[in-house]
Amino acid sequence: MKNIVWIKHASQLATLSQSGKGPRIKKAMNELSIIEDGSIWIENGLIKAVGTTEELEELFESRAHEAEITDATGHLVTPGLVDPHTHVAYGGSREKEFEMRLEGATYMEIMNAGGGIHSTTKMTREATEDELVAQSLRRLDSFLNHGVTTIEGKSGYGLNLETELKQLRVMKRLQNEHPIDLVPTFMGAHAVPVEYKGREEEYVTLVIDEMIPAVAKEQLAIFNDVFCEVGVFTPEQSRRILEAGKRYGLIPKIHADEIEPYEGAELAASVGAISAEHLLQASDEGIQAMAAAGTIACLLPATALYLREEAAEGRKMIDAGVPVAISTDCNPGSSPTTSMPLVMNLACISMRLTPAEALTAATYNAACAIKMEEITGSIEIGKQGDVVLWNCSNYQELQYLFGVNHVNSVWKNGIKVVG
């Protein structure tokens with residue numbers, strides 16, 4: 001039996017369609033390919049036709065009785081949002097550290113005292129696989145209710161072979177048990193575990209010689225990420241870890257220049273990383289290197305807000321020709337949110353992206369940052385029927401009314417999962 005969805009009469013249908021390949025840069029980030037009085041025909045999970053309502057009525061009026069019809073009059077319709085940087089599968093919670101930061105403790109002070117990543121590592125190691133699945137499913141439900149249909153998920157709260165593999169296996173289960181598409185990233189180099197303090201090089205060797213081969217053997221990840229930061233992994237160590245991953249077919253990503261300038265952006269460009277994340281302290285030279293290499297800047301304005309830091313210079317990066325994506329950075333310590341709509345708002349307010357750029361950064365460019373642009377991120381024939389209907393009439397209103405979840409309905413692979 002065919003599953004057919006027909007969405008008609010959208011006030012604005014922001015398709016994000018484009019003729020070229022690769023992420024959008026500069027002025028192209030403002031091009032949403034909007035269709036007024038727009039319409040989409042989705043059949044068996046895939047988009048079969050896109051155009052004005054009049055055009056699709058000419059094509060499909062005789063088959064209207066087969067379809068689940070949604071009248072989108074007065075509503076904005078967009079692709080499903082894509083979150084390209086999350087730490088969605090972890091154990092426990094860290095609300096006490098939120099209070100510690102408000103009392104003056106810094107992120108690195110908390111981590112060096114055994115909190116931060118180390119705290120979550122302890123709770124994740126202690127949790128069973130079933131417990132991690134149950135906790136993570138609740139987060140995925142929240143993502144879906146905020147219009148997110150595809151996310152990336154990182155390991156990195158195991159910091160030993162057994163738990164890193166457990167986290168990645170949990171994400172494999174989540175992909176099978178939840179409507180959201182979950183793209184896995186190995187991040188054994190998220191921090192040096194407490195038991196390796198003073199023996200950092202031994203841990204780097206463990207990541208390279210044992211963890212990466214085991215992850216590749218089970219085909220548990222597509223990407224390999226590292227936290228290149230003062231007090232975590234040096235640029236030289238980060239390069240070795242990323243190059244080792246490449247030898248096993250894992251595509252490099254890098255947490256770069258978040259807390260101090262550390263040549264992380266430059267490293268991302270030189271190793272051919274698909275994306276560099278955070279970049280609050282990226283140098284002008286690093287930004288230019290990323291632009292030349294086509295490395296996507298994955299910016300995390302909610303993290304900057306939560307840590308009370310100045311946001312990354314998104315406006316400067318776009319003007320320099322860097323392709324920009326945005327993300328929640330959903331994690332228990334520095335950004336415990338699943339709201340991509342809020343992240344779009346913050347991208348406009350704190351990083352001076354235009355409303356159109358913010359939507360591009362949360363859909364098509366975000367899909368490019370996790371190699372999903374051939375499948376999702378825009379409303380085009382042949383792509384998955386991942387669609388959001390918003391309680392807004394236009395894309396400007398979506399960013400203007402900030403801090404509000406405007407989601408009315410969500411379709412994932414042509415199935416209505418919200419609304």
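**Note on the predicted model**

1. The UniProt annotation "domain: Amidohydrolase-related", from an unreviewed entry, covers residues 76-414. Such annotations may be inferred rather than shown by experiment. The span is 44% helix and 17% strand, and its end C-alpha atoms lie 18 Å apart. Helices (H or I, at least four residues) and strands (E, at least two) are DSSP runs, numbered from the N terminus.

2. This is a predicted model: local features need pLDDT of at least 70, side-chain atom pairs count only at pLDDT 80 or more, and totals for chains, interfaces and linings use all residues. Residues are numbered from 1 along each chain, and side-chain values use heavy atoms, without hydrogens and water.

3. The largest nonpolar core has 103 residues. Such a core joins buried Ala, Val, Leu, Ile, Met, Phe, Trp, Tyr and Cys through side-chain atoms within 4.5 Å. Ile 254, Leu 279 and Ile 326 have the most contacts inside it. Helix α7 (residues 200-218) gives the most, nine residues.

4. Leu 279 touches, among others, Ala 256, Met 290, Leu 299 and Met 317 (heavy atoms within 4.5 Å). Residues up to four places away in sequence are not counted.

5. Cys 392 lies in the loop between β14 (387-390) and α16 (395-400). At 2% relative accessibility, Cys 392 is buried (under 20% relative accessible area; exposed is over 50%, partly exposed in between; 1.4 Å probe, protein chains only). Cys 392 and Leu 76 are 316 residues apart in sequence, yet 5.5 Å apart in space, C-alpha to C-alpha. Contacts of Cys 392 include Gly 74, His 75 and His 406.
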